[in-house]
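Here are some notes to go through with the structure open beside you. Take the points one at a time and find each place as you read.

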Amino acid sequence: MTSSTDRRMKRRRLLKFGLAGVGLAAVGGGGFVTYQMISAKVDTVGSVDFTNPLRIPDLEPGQVDDSGTRIFDLHMAPGESRIKPGSPTRTWGFNGDHLGPTLRARRGEVVRVNVRNSLPETSSVHWHGMHLPAIMDGGPHQSVEPLDTWTPEWTIDQPAATLWYHPHPHGSTAKHVYQGLAGLFILDDDEVDNLDLPDEYGVDDIPLIIQDRAFDGDNQLDDAANLFSGIGVLGDEILVNGTHSPYLDVTTRRVRLRLLNGSNARVFNFGFADDRPFVVIGSDGGLLPAPHSLRRLQLSPGERAELLVDFTPGETVVLRSYSPDLRTDFFESRSHGGDDTFDILQFRAADTLTDVESIPDELVPVPAIDIEQAVTTRTFEMAGYSLNRETMDMNRIDFAVNKDDIEIWEIENQDASVHNFHVHDVQFQVLSIGDQPPPPHEAGWKDTVQVYHGSPVRIALQFKDFSDPNMPYMCHCHILYHEDQGLMAQFVVLDEGEDIGSVPSGHDDHHG
């Protein structure tokens, strides 16, 4: 019987040396590649021992100064982490060896973040999902050189939500995230406070940063690209909050899970091993208008969801990722992880659990964007590593939108690869996926959406509050390898009377 470790090593060799297989296929009629592709499936169901307590990232509320500004300090630096038995793994982290603290702020607050870079490379920190001025966005133009500090400041003015932060240096985002640079940024507001939802961080309100990783024989992170699919690294082991083989002791009957697909490329299809239903209450940009019951929830890289799940005393149940529906052919699905299944996290319920109130029938209002007021419809075509047949150029502003205008964007996946689409600064609303309206759990505020081949996604969005003719925001595929290779465009928001300017020379003039 082949062990799970042997199967993973076999698959890793396949992904590393895929081009050699292609060469052999040319000689042997394709049989070698067909065999290797069929044998490349990853399935960890039943083979994860769940021996490590789930690490809960530190909750960082920051310090409030005399002016009422909430100040956070983030320090990027290399470290070492005990992830698996044996040698420590070289990682990068914020305020520690791996990942980062959960930042938390409230709507209406002014926040300031001191971002210190002690890495050996230039990096940046992007506030994914945050509504803020372009110069504070933390994209590739707000780079932070080694030993420098960048200090963005902005006012939180958006609904309560589970956002996240991660590096965004052009050409190196995949590497920096894979090394461990990521963390959650939770926003609160009065509307959510008035709902009877689990809210004790780390007890019944659990952050879950879920990432696939591959390790070499010395426990070091292996970021070898999947050469068959062109999406970068697909790991064959799962970390949750940086924890390998994790379990969580549950003390309450109902638990709120804040899920982030923090992977570079892998799509997860979450569900429980016993097929129990769970309730989706939130998406990328905040709570939904009403809860929605599901048994499966698919998230592409960068997407988030908030779930409620109920437990009974003394039970043990596993959160699993079932094979995702990538809506492509067999070979593309197999090489993109479409047939892979993972045991993610084991929940261990105590013999006595704290009771909870019923789930509210209504959550928060999500007023529909008035598409009758849309001034234009833009089309974005993703193919290979290009967007609208061009690859990213840091010195080129691709288009401009006018502040306060409502626009409709139609995003098309023109190849068989996995793609999704992320827009900086705004939360948008999905109007349709193919010719169908979005399912209820995708009908709230979103900043990232999966885009399937042959199934265009239409979104409505409105850029409010901020304009800058020279400093762009980004829109791009959040498969990080695609982003680094150029599947990204940059745009500016213009106020009345403004024209497109030019990107500041050097791209990084705004770090401290």
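1. Over how many bridges do β33 and strand β34 (residues 488–494) pair, and in which sense, parallel or antiparallel? They pair in the antiparallel sense, over 5 bridges. Within this pair, Tyr473 stands opposite Phe491 in β34. Two terms to keep in mind: strands are DSSP runs of E with at least two residues, helices are runs of H or I with at least four residues, and both are numbered from the N terminus. Two strands pair if DSSP finds at least two bridges between them.

2. Before you go further, a word on the model. It is a predicted one, where local features need pLDDT of at least 70, side-chain atom pairs count only at pLDDT 80 or more, and totals for chains, interfaces and linings use all residues. Residues are numbered from 1 along each chain as its sequence is written, and side-chain values use heavy atoms, with hydrogens and water left out.

3. Stay with β33 for a moment. This strand covers residues 468–476 and is mostly covered, with 7 of its 9 residues buried (buried means under 20% relative accessible area, exposed over 50%, partly exposed in between, using a 1.4 Å probe and protein chains only). β33 also pairs with strand β29 (residues 419–423), antiparallel over 2 bridges. There, His422 has His476 in β33 as its bridge partner.

4. Now look for an open sheet of 7 strands. Its order is β15-β14-β13-β17-β22-β19-β20, and the pairing is mixed. At the edges are β15 (243–244) and β20 (286–294), each pairing on one side only. Inside this sheet, β13 (residues 205–213) and β14 (residues 237–240) are antiparallel, with 4 bridges. Gln211 sits opposite Leu239 in β14.

5. Another open sheet has 6 strands, again with mixed pairing: β1-β16-β24-β23-β18-β21. Its edge strands, β1 and β21 (297–299), each pair on one side only. Gly271 has Arg320 in β23 as its bridge partner.

6. Finally, check two loop residues. Phe50 is not a glycine, yet its phi is positive, near 50°. You'll find Phe50 in the loop between α3 (31–38) and β1 (52–53), and it counts as buried because its relative accessibility is 4%. Asp404, another residue other than glycine, has a positive phi near 80°. Asp404 lies in the loop between β27 (399–402) and β28 (406–413). At 40% relative accessibility, Asp404 counts as partly exposed.
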